[in-house]
Amino acid sequence: MKELVEILAKALVDQPEKVNVNLVEKEKSIIIELKVASEDMGKVIGKQGRIARAIRTVVKAAATRHKKKVMVEII
Amino acid sequence: MKVIERTGRTVGEAIDMALQDMRASRDDVEVEVIEEPSKGILGFFGAKPARVKVILKEKMSKRAADFLNNIFNSMDLQVDMDVVEKEEVIFINLDGRELGILIGRRGETLDAIQFLVNLSVNKNQEVRKKIIIDVEGYRNRREETLQKLAFKLANKARQRGRSVVLEPMSSQERRIIHNALQERDDIYTFSEGDEPYRKIIITPKK
């Protein structure tokens, strides 16, 4: 799951080396924290959050096999 | 990425030599002129040939397929890919088991993947190509379903003499419905609202 977010983010930004993904596992959910260079924020969020929404949709699909709810947060 | 350097009497000649050696056409490469040719004194003394660096560009369809393969690997999915690259469009058809999760509710996941692949492959490109991703003919089936739905709801609007509001759809799907009902003269269609909640309204003509 972490790998998937990393692949997606790195393909979108200008500075892939600054992409950093962290996994925080809670009791009923998994939170995936995505960090990118501040200049690249727009590249992973998009107009009205369109890109962020697409990333979340793909990750949600990948997570259907897991029992836990997966959330992607961009920080 | 493949890079070669060649020399020739003119820049054009040097490029042609490189293209021949690479078996590539002019559109597949980027060219950097390292040195313009100079005739030197009296046409031979100190004359220098043209020197160019020719860089073979990776095809967009290759990058799209690589990106998709990385995504599917990380999702533990076995997917066969059929890629057709045309002048302005790249069609990618996916085949395999368990691909339902790649389609998602009403193609939501498939659209998200298609959107991300388009962004990534067209990033920093001079010429953009539209990439269309399909799973086992899902888009064609969906198109038929939407056309049937459009006719059914158009009839409903006419019979009731009232507007029928459809659920929110992507621009691709809205276009299918507008097109399906274009010929009808008893109703007309328009869209209302902001993306991603934009929806079609079918209204009877008086």
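Across the interface of chain A and chain B, the rule finds zero salt bridges, where a salt bridge is a side-chain nitrogen of Lys or Arg within 4 Å of a carboxyl oxygen of Asp or Glu. The rule does find two residue pairs in polar contact across that interface, both at pLDDT 80 or more. A polar contact is a pair of N or O atoms within 3.5 Å; within protein, one must be able to donate a hydrogen and the other to accept it, and residues adjacent in sequence count only if both atoms are side-chain atoms.

Let me state the conventions. This is a predicted model, in which local features need pLDDT of at least 70 and side-chain atom pairs count only at pLDDT 80 or more, while totals for chains, interfaces and linings use all residues. Residues are numbered from 1 along each chain as its sequence is written, chains are lettered from A and ligands numbered from 1 in the order in which they are written, and side-chain values use heavy atoms, with hydrogens and water left out.

I return to the interface. The contact, meaning heavy atoms within 4.5 Å, takes 20 residues from chain A and 21 residues from chain B. The buried area between the two chains is about 1,800 Å², and carbon and sulfur atoms give 69% of it. Buried area here is the accessible area (1.4 Å probe) that two parts lose on being put together, summed over both. On the side of chain A, the residues that lose the most area to chain B are A:Ile7, A:Val58 and A:Arg65, together 27% of what that side buries.

Which elements give two or more residues to the side of chain A that touches chain B? They are helix H1 (2-12) and helix H3 (50-63) of chain A; helices (H or I, at least four residues) and strands (E, at least two) are DSSP runs, numbered from the N terminus. The largest share of that side, nine residues, comes from H3(A). By class, the residues of the side of chain A divide into twelve nonpolar, three polar and five charged. Ala, Val, Leu, Ile, Met, Phe, Trp, Tyr, Cys and Pro count as nonpolar, Asp, Glu, Lys and Arg as charged, and the others, Gly among them, as polar.

Ten of the 14 residues of H3(A) are buried, so the helix is largely enclosed by the rest of the structure. Buried means under 20% relative accessible area, exposed over 50%, and partly exposed in between (1.4 Å probe, protein chains only). The buried residues of H3(A) include A:Ile51, A:Ile55, A:Val58 and A:Val59. What covers the buried residues of H3(A) includes H1, strand E2 (29-35), helix H2 (41-45) and strand E3 (69-74) of chain A, together with helix H3 (100-103) and helix H4 (108-122) of chain B.

I turn to salt bridges elsewhere. A search of the whole structure finds 13 salt bridges over all chains. One of them joins the side chains of B:Glu85 and B:Lys129, at 2.5 Å from N to O. B:Glu85 lies in strand E4 (residues 80-85) of chain B and B:Lys129 in the loop between H4 and strand E6 (130-135) of chain B, so this pair ties together parts that are 44 residues apart in sequence. B:Glu85 is partly exposed, at 28% relative accessible area, whereas B:Lys129 is buried, at 13%.

In a further salt bridge, B:Asp186 pairs with B:Arg158, the closest N and O atoms being 3.1 Å apart. B:Asp186 is in the loop between helix H6 (171-181) and strand E8 (187-192) of chain B and B:Arg158 is in helix H5 (residues 138-160) of chain B, 28 residues apart. B:Asp186 is buried, with a relative accessible area of 18%, and B:Arg158 counts as partly exposed at 42%.

The side chains of B:Glu195 and B:Arg174 also meet in a salt bridge (3.0 Å, N to O). B:Glu195 lies in the loop between E8 and strand E9 (199-204) of chain B and B:Arg174 in helix H6 of chain B, so the pair ties together parts 21 residues apart in sequence. B:Glu195 is partly exposed, at 41% relative accessible area, while B:Arg174 counts as buried at 7%.
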